[in-house]
Amino acid sequence: MRMQSVLLGQVLVLLWVSTAWAEVLVQPDFDAKKFSGLWYVVAMVSDCKVYVDKKDHLLMSTSAVTATREGNLSVHMEFPWADGCNRKDAEYLKVGSEGHFRVPALGYLDVRVVDVDYSSFAVIYIYKELEGALSTMVQLYSRTQEASPQALKAFQDFYPTVGLASDMMVMLPKSDACSSAGKEAP
């Protein structure tokens, strides 16, 4: 009987996960080449326990994105920490439609570009696994370190639709630990 309960629980979780993913739409006519370039991660919101515990100490990071011929994204990320800059490269693997990815190296099971104007902002939805726990994250990308009112509105309008509350959100302060001086968009 216990085995049946465990299996039923796993099936229900899979159904819930499938439903949660299905409700998040991807930017229509997503163009990976236009999406390429340098982005600042200026705000984020998540229900991840690790994030919630550390969100008040996070700083603005960058992602340098390059589209590949296969429709994937090659992403170089730089995260400022108290002791310097942590750099990481990851391949965002295309899943189905344009703008929909997974990133096994980071535990990102589902990544969707849900809104983008290419020249100033993008709203990114991430469903991930970290330390054995599933969580949802939404990031606001900006081409500059200052997000426009339009970008903030798009971000703030979207994240509640995936069950994230405003007290889980943080605007990330600027940092020079990963100096972008001299960086150019790929």
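# Burial, disulfide and hairpins in a predicted chain

User: What percentage of the 186 residues in the chain is buried?

Analyst: The model is predicted, so local features need pLDDT of at least 70 and side-chain atom pairs count only at pLDDT 80 or more, while totals for chains, interfaces and linings use all residues. Residues are numbered from 1 along each chain as its sequence is written, and side-chain values use heavy atoms, with hydrogens and water left out. Buried means under 20% relative accessible area, exposed over 50%, and partly exposed in between, with a 1.4 Å probe and protein chains only. Of the 186 residues, the buried share is 45%.

User: How many helices and strands does the chain have?

Analyst: Helices (H or I, at least four residues) and strands (E, at least two) are DSSP runs, numbered from the N terminus. Along the sequence they follow the pattern α-α-β-α-β-β-β-β-β-β-β-α-β. The totals are 4 helices and 9 strands.

User: Which residues does the disulfide join?

Analyst: A disulfide is a pair of cysteine sulfur atoms within 2.5 Å, and the count by this rule comes to 1. The S to S distance is 2.0 Å, and the residues joined are Cys85 and Cys178.

User: How far apart in sequence are the parts that the pair Cys85 and Cys178 ties together?

Analyst: Cys85 lies in strand S4 (residues 84–94), whereas Cys178 is in the segment after strand S9 (169–171). The parts tied together are therefore separated in sequence by 93 residues.

User: Why is the disulfide of Cys85 and Cys178 called right-handed?

Analyst: Handedness here rests on the torsion about the S-S bond of Cys85 and Cys178. The disulfide is right-handed because that torsion is about 110°.

User: How many of the 9 residues of strand S6 are buried?

Analyst: Strand S6 covers residues 108–116 and is largely enclosed by the rest of the structure. That description holds because the buried residues number 7 of the 9.

User: Over how many bridges do S6 and strand S7 pair?

Analyst: Two strands pair if DSSP finds at least two bridges between them. Strand S5 (residues 100–103) pairs with S6 in the antiparallel sense over 3 bridges, with Phe101 opposite Val111 in S6. S6 and strand S7 (residues 121–130) are also antiparallel, and Tyr108 stands opposite Lys128 in S7. The S6 and S7 pairing runs over 7 bridges.

User: Which residue in the hairpin of S6 and S7 takes a positive phi near 70°?

Analyst: In the S5 and S6 hairpin, with 4 residues between the strands, Gly107 in the turn has a positive phi of about 75°. The hairpin of S6 and S7 has 4 residues between its strands, and the residue with positive phi near 70° is Tyr118.
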